[in-house]
Every structure is written in C-alpha cells, then in structure tokens.
Amino acid sequence: MFIPLHDANSLKYIKMQYVTIGLIVANVVVWLMTTFSSENFAQAAAIGLGYIPSTIYDLAERGPDQIIVPDILTYITYAFLHGDFMHLAGNMLFLWVFGDNVEDALGHVRFLIFYLLCAIAGAWLHGIVDVNSQVPLIGASGAIAGVVSAYLLLHPRVKVWVLVLMRLPLRIPAWIPIVLWIAFQFLMFAAAGKEQVSWAAHIGGIIAGAVLIVFMRRKGVPLLDRDIVTPRGAEVALPPPATAPVSPSGPWGRQ
C-alpha cells in the first residue's frame, strides 16, 4: 500500500535512538546468520526460535534436537527471524522511520520493554487464532505494528514522505497512511481466515502498541501532539527590535 521514507520529526528528549538502532542491527545480524548458512541451519533456527502455537498449548512437541530455547521464550525470539530480504527490509524501514520518536516518547529502557511486549502480543493473538498450527511464526511485524500504532497516537499531524504503490512519493500527515495501513491489516485478517493467520500478529501488535503508549510514555508527553515540529538543528529567526539596526541573517543550521 505505502512505504514510509522519512518524517521531519525531531527528537526532544534523547540524543540518539540507541535502542531502535540496536534492534535493527540485531535483526540484520540474525538474518545474515540464517541466510548465509546451510538450509538445515535456517530451518533449525525457525523451528527452534519461531513461535509455534501447537507447542505452546501442548498439542505438539518439538523434538529434543529442535529445542534451542524454552517454548515461553519463543514469544520474543520469533521476532528476530525473517524469511527473506524484503521481509526484513520492510520491517526495518518501518522501525527506522517511526521507532525513533516512539523511543523518544518512552525513553530507552521503556521502549525496549514496549517493543518486546508488542511482539509478545502479536504472537499471543496469532496463537489464539489457530492453536493447532505447527508452522513457526517468524518476523518482527507484530512489534513493528505496535510501534506504528503508538506513533499514530503520538504524532498524527507530522508530515511524512511515503511512496505510494511503489511509484508516487507524497508528503502527507502521518495519520492518513497509518490509518489506511491499520485498516488494511484488519481487512486482510477478516478476509484471509486461518490461511493467513500472521495478520493476527499485526493486529495483536497494533492493539498492544495503542494501549501501552498511553501508560508507558514519559510524564508530560502529550497524545495527538499538535505542536509544529522543527527539524533538530534549525535556528528560529526572530525579528530584531524596532530600534536596532537590521543585520544580515546567518546561515540556518542543518539537521
């Protein structure tokens, strides 16, 4: 539907989005390890670290040689695995564009907790929809969906550059593409039934992100922020006093 490219939304509380960058690096490293290894290694990682509903609900068991972490930890580990480059790139691009401002609103530690809770919520709803599934769920989509819905509640009016239908770049308020994206997730979930239960992971993340941001954001951080965002590093030119001579203005700062 759309691809986010950039938002002119400066950080207000933190200097750098360390957790967002760290999550991106971790996902890329894991993808490289599973992609540029043997097919058996990649399959073992998916089974051992992916979220499998039937094993969570004791309807099936992984073999002794397939267990890498306890089943309970797969609520988190699945979110660091990706099937192919486009799967990885799409999730990481959404995280790069929207994650920094959510991290700014929460703080580093709370953002990491928030991200993992959204991943857990995505896996949980995925499992509830089809408890008998023996197919491993992998991907950060549930966690990313939580980040996107949190951004919507924080900065709906911020202008973002998006690429529509892979061709048309537009700069529009964030609420337009995000609301359309969320509506698309619910539509696909309703239409796909049990054949595409990964849509449930997106919805679980969306709901979790919308709820958690209300309670986890920093004190004083507003919802539905209406402030005009000035890119970090830009200087605001003030008119000189009436009695003072007008001097040439200096160069504006660059972001």
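Is Arg62 buried or exposed? At 10% relative accessibility, Arg62 counts as buried, where buried means under 20% relative accessible area, exposed over 50% and partly exposed in between (1.4 Å probe, protein chains only). The model is predicted: local features need pLDDT of at least 70, side-chain atom pairs count only at pLDDT 80 or more, and totals for chains, interfaces and linings use all residues. Residues are numbered from 1 along each chain as its sequence is written, and side-chain values use heavy atoms, with hydrogens and water left out.

**View 1. The protein chain and its elements.** The protein chain has nine helices and three strands; helices (H or I, at least four residues) and strands (E, at least two) are DSSP runs, numbered from the N terminus. Their order from the N terminus is β-α-α-α-α-α-α-α-β-β-α-α. Of the 255 residues, 45% count as buried. Among contacts (heavy atoms within 4.5 Å) between residues at least 6 apart in sequence, 76% join residues at least 24 apart.

**View 2. The salt bridge between Arg62 and Asp71.** A salt bridge is a side-chain nitrogen of Lys or Arg within 4 Å of a carboxyl oxygen of Asp or Glu. Two are found in a search of the whole structure. Here the closest N and O atoms of Arg62 and Asp71 are 2.3 Å apart. Arg62 is the buried residue described above, while Asp71 is partly exposed, with a relative accessible area of 26%.

**View 3. The salt bridge between Asp225 and Lys12.** The closest N and O atoms of Asp225 and Lys12 are 3.0 Å apart. Asp225 lies in the segment after α9 (198-216) and Lys12 in the loop between β1 (2-7) and α1 (18-35), so the bridge ties together parts that are 213 residues apart in sequence. Asp225 is buried, at 7% relative accessible area; Lys12 is partly exposed, at 42%.

**View 4. The largest nonpolar core.** A nonpolar core is a set of buried Ala, Val, Leu, Ile, Met, Phe, Trp, Tyr and Cys residues joined through side-chain atoms within 4.5 Å. The largest one has 53 residues, of which Leu95, Phe98, Val102, Phe111 and Phe114 touch the most other members. At least two residues of this core come from each of α1, α5 (85-106), α6 (108-129), α7 (141-154), β2 (159-164), α8 (175-192) and α9.

**View 5. The surroundings of Phe114.** Leaving aside residues up to four places away in sequence, Phe114 touches Val102, Leu106, Gly146, Val147, Ala150, Gly209, Leu212, Ile213 and Met216.
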